[in-house]
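Open the model in your viewer and keep the selection tool at hand. The stops below go from one residue or element to the next.

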Amino acid sequence: MNDVPVPDPYCEAPFYSSSVTEVISLSVPIEEGIRKYPFYAEIRSIYRPVDPKPWTEVEKYVSFLLQEWKQEKGKLAALYQERKRAEASPFMVKQLANLISALWWANEKPVPSAKPSILSKESERLHIKPFNIEDRLAFVFEAPDHHASFVQLKEMFDELEKRFKVSLLKTKKSN
C-alpha cells in the first residue's frame, strides 16, 4: 500500500482537487513527503498509525517547516516582483499548508482538516499562534495567489516563529 487516496478531510481546494481522487505515495521518507504533499504527515498517520508523528517532535518538525518557508519566500518575493502570480500560486498553496501544519504541530496537535471552516473554528483552541489567525487565514484562503496574501503569509510565519521560539525557551527553562 504505497499509493493511497487523500482522505476527505484533507482533499480540499486549493491543496488538492476534490473533483478527482487524489493519490499520494507513502513510500517516500517523511521529510520528502512533507515537502511534496500538503498535510502528508496527517495523511500518513491515517494509513500508518505507528509511524513517527511530527506533532510529537515539535522542535524538529516545526523548525523544518520554518526552514522550508525561509528557502521559498525569496523565490515567492521574486515571482511577485516580476508580477508572475500564476507561477507563484502553487508555491503559495504549499506554503499555506506548511503554515497550517506548523501552527498545529507547534501546539502538539495534528492538523484536523484542510477545510477553512474547520481550521478557523479549531484555531481558536491553539495556544501558540499569530494574532488574529482566524481572519488572516481566511484572507489568504480567499486568494492565495495575490501579493497581499503573500505579505500576510510572511507576517504569520514570522509571528509563529517568534511565539514558537518563546514557547521552546519556556519549556526548556521549566525542565
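Which residue forms a salt bridge with Arg44? Select Arg44 and Asp51: this is a predicted model, and in it the two residues form a salt bridge whose closest N and O atoms are 2.7 Å apart. Arg44 counts as buried because its relative accessibility is 11%. Asp51 also has a value under the 20% cut-off for buried, at 18% relative accessibility.

**Helix α3**

Next, select Lys75 and Glu72. Both lie in helix α3, 3 residues apart, which is about one turn of the helix. Lys75 is partly exposed, at 38% relative accessibility, whereas Glu72 is buried, with a relative accessible area of 17%.

Move to Glu122 and show Arg125 with it. The two form a salt bridge, and the closest N and O atoms are 2.8 Å apart. Glu122 has a relative accessible area of 23% and is partly exposed. By the rule used here, the salt bridges number 13.

Then select Ser123, in helix α5, which covers residues 116–123. Is Ser123 buried or exposed? Ser123 counts as buried, because its relative accessibility is 0%. A polar atom of the Ser123 side chain lies 2.8 Å from the backbone oxygen of Ser120. With neighbours within four places in sequence left aside, Ser123 is in contact with Trp104, Lys129, Ile133 and Glu134.

In soluble globular proteins, nonpolar side chains tend to be buried together. For the last stop, select Phe15, Ile24, Ile100 and Trp105, the residues with the most contacts inside the largest nonpolar core, which has 55 residues. Elements that give two or more residues to this core are α1 (30–36), α2 (40–47), α3 (58–81), α4 (85–106), α6 (133–142) and α7 (147–174). Which of them gives the largest share? Colour α4, from which 12 residues of the core come, the largest share.

Finish on Trp105 and show what surrounds the residue. Not counting residues up to four places away in sequence, Trp105 touches Ile34, Ala41, Glu42, Pro54, Trp55, Val58, Tyr61, Val62, Leu65, Pro110 and Val111.

Technical notes
Residues are numbered from 1 along each chain as its sequence is written. This is a predicted model: local features need pLDDT of at least 70, side-chain atom pairs count only at pLDDT 80 or more; totals for chains, interfaces and linings use all residues. Side-chain values use heavy atoms; hydrogens and water are left out. A nonpolar core is a set of buried Ala, Val, Leu, Ile, Met, Phe, Trp, Tyr and Cys residues joined through side-chain atoms within 4.5 Å. Buried means under 20% relative accessible area, exposed over 50%, partly exposed in between (1.4 Å probe, protein chains only). Helices (H or I, at least four residues) and strands (E, at least two) are DSSP runs, numbered from the N terminus. Contact means heavy atoms within 4.5 Å. A salt bridge is a side-chain nitrogen of Lys or Arg within 4 Å of a carboxyl oxygen of Asp or Glu. A polar contact is a pair of N or O atoms within 3.5 Å; within protein, one must be able to donate a hydrogen and the other to accept it, and residues adjacent in sequence count only if both atoms are side-chain atoms.
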